[in-house]
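Visitor: I would like to learn how to read a model of this kind, one feature at a time. Could you take me through it, giving the general idea before each case?

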Amino acid sequence: ERLRLDGGSREAIKKFLSSYGISLEDEEKIYKIKAEAIEFIQTHLLKDEELEIPEQIRSPQTDIYCLLQIATSSSQEKGDILLQKWACALLRVMHTIYHLEDDIRFKYIHHIQEKILSKIKKYIFYDENGQMYLGQKGNDVIPLVTFDLKRIKERESIIVKLLHKRENIVTEITDVVGIRLIAKSKLDALKIVNFLVKENILSYPNSIPGRTKNTLLPLDELE
């Protein structure tokens with residue numbers, strides 16, 4: 001809206017990009033992000049639609065300045081309004097990819113996954129009958145039904161998920177790496193949680209309010 005009020009001048013756009021955090025020397029990076037955004041839209045959003053991104057939007061000559069000028073245009077011409085919508089759509093996908101590029105979790109995702117797994121794997125063992133347990137041999141161990149590793153989200157699925165979120169912020173993605181431990185009973189499930197906290201594998205301060213849900217015990221009835 002500010003750019004529209006400023007008339008979408010190149011100088012206003014330059015200041016906007018600077019405040020956004022884009023270095024004006026990163027033209028190659030912005031070009032690659034635009035190309036990925038176009039490919040993503042064509043492959044994942046338009047694959048079943050008889051639509052095509054207009055050439056004026058797709059063209060390599062239409063740089064970030066031009067895209068923002070089109071997106072903030074005040075023209076009421078039908079053709080201009082359609083181009084504006086396409087520019088806004090492309091910029092939204094580019095915004096998502098830009099933040100995804102700079103999120104440290106996705107740069108080191110495999111290393112992070114291995115770090116998390118190594119902390120738990122050393123406490124997973126089997127008896128001679130093939131029964132899986134969590135704990136330390138010789139101590140009070142917990143029988144497990146399943147120990148699963150959640151598949152790392154593909155880049156494309158993360159982009160889709162972010163585009164569905166109103167905030168469209170990469171930090172809102174909290175299930176990048178995950179594991180699943182299935183116990184034989186609710187009591188054993190509580191023992192698993194207690195063990196993971198005691199061994200500093202889980203940390204209560206790192207839990208996110210609203211993302212952590214108790215379905216094991218009716219706490220209201222225990223008060």
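Guide: Let us begin with a pair of facing residues in a sheet: F147 stands opposite L181, which belongs to β4. Please keep in mind throughout that this is a predicted model.

Visitor: Which other residues are paired across these strands, and in what sense do β3 and β4 pair?

Guide: Strand β3, covering residues 142-149, pairs with β4 in the antiparallel sense, and 5 bridges connect the two. Within that pairing, L149 has I179 of β4 as its bridge partner. On the β2 side, β2 and β3 run antiparallel and are joined by 3 bridges, and there L134 is found opposite I142 of β3.

Visitor: How many strands form the sheet, and in what order?

Guide: The sheet is an open one of 4 strands, ordered β1-β2-β3-β4, with antiparallel pairing. The edges are taken by β1 (124-126) and β4 (179-183), and because each has a single partner strand, one side of each is left without a neighbour in the sheet. On average, and with direction ignored, neighbouring strands of this sheet are turned by 50° against each other.

Visitor: Which helices should I consider together with this sheet?

Guide: Helix α8, residues 109-121, packs on the sheet and touches β1, β3 and β4, its direction making about 165° with that of β3. Helix α10, residues 186-198, lies across β2 (132-134), β3 and β4, and runs at about 70° to β3.

Visitor: Let us turn to charged side chains. What is the general idea, and how many salt bridges does a search of the whole structure find?

Guide: Side chains of opposite charge can pair when their charged atoms come close. In this case, searching the whole structure gives 4 salt bridges. One of them joins the side chains of R180 and D148, with an N to O distance of 2.6 Å. Since R180 lies in strand β4 and D148 in strand β3, this pair ties together parts that are 32 residues apart in sequence.

Visitor: Which residues are linked in a network of salt bridges?

Guide: The network links E52, E55 and R58. Within it, E55 forms a salt bridge with R58, where the closest N and O atoms are 3.1 Å apart. E55 and R58 are 3 residues apart in helix α4, so about one helical turn separates them. As for accessibility, E55 is partly exposed at 47%, and R58 is partly exposed with a relative accessible area of 25%.

Visitor: To finish, how should I view the protein chain as a whole, and what is its mean pLDDT?

Guide: The protein chain has 11 helices and 4 strands, and buried residues make up 32% of its 223 residues. Among contacts in the chain with a separation of 6 or more, 64% are between residues 24 or more positions apart. For the predictor's confidence, the mean pLDDT is 81, and 85% of the residues reach 70 or more. Among the elements of the chain, helix α1 (residues 2-5) has the lowest mean pLDDT, 54, whereas β2 has the highest, 94.

Note on methods:
Residues are numbered from 1 along each chain as its sequence is written. This is a predicted model: local features need pLDDT of at least 70, side-chain atom pairs count only at pLDDT 80 or more; totals for chains, interfaces and linings use all residues. Side-chain values use heavy atoms; hydrogens and water are left out. Two strands pair if DSSP finds at least two bridges between them. Axes are lines fitted to C-alpha atoms, for helices over the stretch in contact, and angles run from 0 to 180 degrees between N-to-C directions. Contact means heavy atoms within 4.5 Å. Buried means under 20% relative accessible area, exposed over 50%, partly exposed in between (1.4 Å probe, protein chains only). pLDDT is the predictor's confidence in each residue, from 0 to 100.
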